[in-house]
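Here are a few exercises to work through with the model open in your viewer. Try each task before you read its solution.

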Amino acid sequence: MNILIIALLVALDQAVKLWALRFLASVGSIPVIRDIFHLTYVENRGAAFGVLQNKRWFFIVLTVVIVSGVMYFMYKNKGMNTYLKLSLDLVVAGAIGNLIDRVRLGFVVDFLDFRIWPVFNIADICVVVGGMALAYILLFKSEMLEIQEGKR
């Protein structure tokens with residue numbers, strides 16, 4: 001587990017969301033590339049694609065359980081492959097970024113709007129990229145799952 005990577009990604013996510021709350025919320029949407037990419041303020045009270053709306057406590061408890069489990073696994077298995085660690089760091093950072101929003105605000109701040117996809121944020125990018133990297137490792141690079149002895 002690389003606490004520095006996780007902390008930096010969470011800080012970036014929260015800083016940009018703070019900007020969105022302070023500035024973008026009052027504006028609504030700013031076209032960056034008209035009809036292709038906009039910065040659009042959205043309060044997401046559900047999960048990906050807005051599913052399970054208003055299940056705040058479910059998401060808080062689920063996130064705490066998953067993040068705790070992943071962090072415990074990473075702590076106990078210090079000899080993990082660097083790419084496996086990084087993929088888990090990304091997932092943890094993204095989960096924590098959105099967890100902070102749910103606890104503090106009651107919703108997740110989304111603002112990246114490509115018009116053909118639901119609006120999302122930096123934390124979502126971390127979870128998706130980390131999850132895709134983890135899936136790739138699990139499916140195609142099983143040798144990266146081996147834990148080096150002596151580093152447990």
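**Exercise 1. The pocket lining**

Task: How do the residues that line the largest pocket divide into nonpolar, polar and charged?

Solution: Keep in mind that this is a predicted model. Sorting the lining of the largest pocket by residue class gives 21 nonpolar, seven polar and three charged residues. Next, look at the space itself: the largest pocket holds about 750 Å³. Its lining has 31 residues, and those closest to the pocket centre are Ala47, Ala48, Asn98, Asp124 and Val127. Now go element by element: S2, H2, H3, S3 and helix H4 (122-140) each give two or more residues to this lining. H3 is the top contributor here, with seven residues.

**Exercise 2. The nonpolar cores**

Solution: Start with the core, which has 14 residues. Inside it, the residues with the most contacts are Ile6, Val70, Met74, Met80, Leu84, Leu88 and Val92. Helix H1 (3-27), helix H2 (56-76) and helix H3 (82-105) each supply at least two of the core's residues. H3 gives the most, with five. Then zoom in on Met80: setting aside residues up to four places away in sequence, Met80 touches Phe73, Met74, Lys85, Leu88 and Ile147. Finally, look elsewhere for another core, apart from the largest one; this one has 11 residues, including Leu24, Phe37, Tyr41 and Ile122.

**Exercise 3. Strand pairing**

Task: In what sense do S2 and S3 pair, and over how many bridges?

Solution: Strand S2 (residues 37-44) pairs with S3 in the antiparallel sense, over five bridges. To find one spot in this pairing, go to Leu39, which stands opposite Leu112 in S3. On to S1 and S2: they also run antiparallel, joined by four bridges. Here Pro31 has His38 in S2 as its bridge partner. Last, check how enclosed S3 is. Six of the six residues of S3 (residues 108-113) are buried, so the strand is largely enclosed by the rest of the structure.

**Exercise 4. A lysine in a helix**

Task: Is Lys17 buried or exposed, and which residues is it in contact with beyond its neighbours within four places in sequence?

Solution: First place the residue: Lys17 belongs to helix H1. Then check its accessibility. Buried means under 20%, and Lys17 comes out at 0%, so it counts as buried. For the contacts, leave out the neighbours within four places in sequence; Lys17 is then in contact with Gly97, Asn98, Asp101, Val108, Val109, Phe111, Asn121 and Ala123.

Technical notes
Residues are numbered from 1 along each chain as its sequence is written. This is a predicted model: local features need pLDDT of at least 70, side-chain atom pairs count only at pLDDT 80 or more; totals for chains, interfaces and linings use all residues. Side-chain values use heavy atoms; hydrogens and water are left out. A nonpolar core is a set of buried Ala, Val, Leu, Ile, Met, Phe, Trp, Tyr and Cys residues joined through side-chain atoms within 4.5 Å. Buried means under 20% relative accessible area, exposed over 50%, partly exposed in between (1.4 Å probe, protein chains only). Contact means heavy atoms within 4.5 Å. Two strands pair if DSSP finds at least two bridges between them. On a 1 Å grid over the protein atoms alone, a cavity is a set of points where a 1.4 Å probe fits but cannot get out, and a pocket is an open set with protein on both sides within 12 Å along at least five of seven lines; lining residues have an atom within 4 Å of a point. Grid points are joined across faces, edges and corners, and a volume is the space filled by probe spheres set on the points. Ala, Val, Leu, Ile, Met, Phe, Trp, Tyr, Cys and Pro count as nonpolar, Asp, Glu, Lys and Arg as charged, and the others, Gly among them, as polar.
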